[in-house]
Amino acid sequence: MSRGLNRRVFLAGSAAAAAGTVAATAIPWTAAHAAPAFQQGRPVEVPDVDVRPAARADLTEATLAEAVTLLRRRATSATELVEAHLARIAAFEPTYQAFNAITADAARDAAKAADRRRSGPLAGIPLCIKDNYFTAGVETTANSFVFEGFVPPYDATAVARLKAAGGIVVGKGQMGPLATTRATLPNGTVTTVNAWTPQDPSVDPGGSSTGPATAVAGRLACSSIGTQTGGSIVGPSNQQNLTGLKPTMGRTSIYGIIPLSYTRDHSGPLARDVLDAAIMTAVLAGPDPNDARTLGLPAVPDLVAAALPVRKKGKVVLRRSTTIGVPPDFLTGNAAVVALRRTLLDTLAAIPGAKLVDVTYPADWGLLTGTFNAIRLSERTEPFLPYLKQDPKLFGVSLLSWLQGLFLSGDEWITGQRAKHHLLREVLDGVLSTCDVLLQTGPVPFDILGLPELGLPIGFAPVGANPAVPVGAILGAGPYEEDRLLEVGAAYQAVTDWHTRRPADPAPPAAAARSATVRPRLTPEEVAATTA
C-alpha cells in the first residue's frame, strides 16, 4: 500500500479517536463486555536461527527466536524452558520485584500441554504480561487501589492472541500505578528495580512498563508486552538494554486493557532484539471487532522478514534504501550519551543503503508538543470520575496528576486537539518529507501522535556510582511503517552486539538483605512531573 494512502487512513482514524467515537472501548472492565472475538492475521513463521553457546548453556539467556529453534530441534522442552525461568523468578524476584502476580502452576500445566502437542509459533515460550491487561481468572489491578481484587472474566485481545499462539504466561508485570510512572506501591514507594543496577533502586528502570522490562532484562521471562501512552514501551527498553516496538495506533488491539488515554494508548512488546519484537508484534497485530481503531487498516506487512538482516557478498545492507533523519538536538546533553549517539550515527552511515540527513523542527515545535501533551490529563480523568468521587485515596501517590485533568477546560481540550492536528501535519508533511525514519531524543511527538516507534540499545554510560547503565535510541516512522523501523533495527543489530549483553545476577537474597538500600518513595509532585 502506498505511503499516501497509509497517511489518509491514519488521519481518518486519528480524527475518529479524537472525536471520541472509539471511547466505548476505553473502559472494558465489566463482565458485561464480550470476550475477544478476533481475526488472526497471516500465519506467523518463526525462522530457525543460529543459537549462541550462551543460550545453549542457559535457557533463560535465549532470545525468543533461539528458544523456538531449540524447541523445534527438540534440544529442550517447554517444561524445561518454563522451569528454568521459574527457577530464576524464585531466586531473584525478591530483589527485582518485577511481578504483581506469579502464575507458576498454570505455567507448568501449559508447558506440559505444549510438550504433548506443540501448537502455534510461540508454543512453550514464557511471557510476562503487564498488569493492566485483562487475564482471565488472574487478578488485574494496574497496580492500583481502584482495581484491587478485580479478576477479569476473559483475556485482553493481546493476551488471547499470545496464548492462541502457544505463549505461556509466567506472571503479571509490576507497573506504575494506573500506568502513570515507574513501578511503585500506590503510596509511591519504589518496587521494581533496573535489572542492571539491582543494588541501586534510585536508577530509573523506565516506566510505566517497568516490570515487563525488568522481567525480560533479568531473564525471568523470554519476552513481554507492555503499554505506551507517554513512552512506556520504548522508555523502559532504552533503560534496560531491550528492544521495544510501539506500533502505529490501531495496529494492535487495546481491548481488555485498563485505559489511560484512549487517543494515545498502545500495546506492544518489550523484547531482547529486533527479531523477537517483530515476532511478538506479528502475533499481536490485526483487526479486532472490539477495538474500532484496528479496523479498515492497511494489511500487516511481513514483520518477521523485515527483522531479518540482509547480506550481500557477506556485508550487511539495508533491505531498502532508507533516509534517516537526525534532528538538531540529537547530539546535545550528557557527554557520555552524546558520544554513544555519535557512534550510532557512524555505524548507521556505514551500512550500505542508509543515508543520514539533518532535519529541522518548525519554529512552533515546543509549543505544539507542550500544548497537545497537556490534554492527555483530561482524557485520563474522564473515565475515572466515579472513582475520584467515591474516594480520591484510591489513586494513591498519582492523585495529583488525575486532579490536574479536572482543571482543564473544554476550550483547552479543543485547543489541544487543534495543536495535535497541526503538529501531525508538521511531522508528516514537514519532518518526514525529507526522511523515512527519524532519530529522536525522546518519545515525543511520535508517541503522542500515534506513529510507530522502535527503541533499541546503543551502549552503556555511567549513572551515579554505576559505571555501566544501558543507553538506547528511539526511531520513529510514518503510519503503519513498522517494517521500515525493523529493517533499520535489524541491520544495526547485525553489526553491533549491545542487544546480546545481559546484566549480572543480583546478590543472593540473604546477602542482598544485609546490604539492602532503603527504597526511595516518590512524592505526588515527582509523580505528576514524570507521569506518562
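Q: Buried means under 20% relative accessible area, exposed over 50%, and partly exposed in between (1.4 Å probe, protein chains only). With that in hand, are the residues of strand 5 (residues 243–246) buried or exposed?
A: This is a predicted model, in which local features need pLDDT of at least 70, side-chain atom pairs count only at pLDDT 80 or more, and totals for chains, interfaces and linings use all residues. Residues are numbered from 1 along each chain as its sequence is written, and side-chain values use heavy atoms, leaving out hydrogens and water. Strands (E, at least two residues) and helices (H or I, at least four) are DSSP runs numbered from the N terminus. Thr243 and Leu245 point one way from strand 5, Gly244 and Lys246 point the other way, and all are buried.

Q: Which residue of strand 12 (residues 453–463) is the bridge partner of Gly244?
A: Two strands pair if DSSP finds at least two bridges between them. Strand 5 and strand 12 run antiparallel, joined by 3 bridges. Within strand 12, Gly244 has as its partner Gly455.

Q: How many disulfides does the structure hold?
A: A disulfide is a pair of cysteine sulfur atoms within 2.5 Å. Take Cys222: its closest cysteine sulfur, in Cys128, is 12 Å away, too far for a bond. The number of disulfides in the structure is 0.
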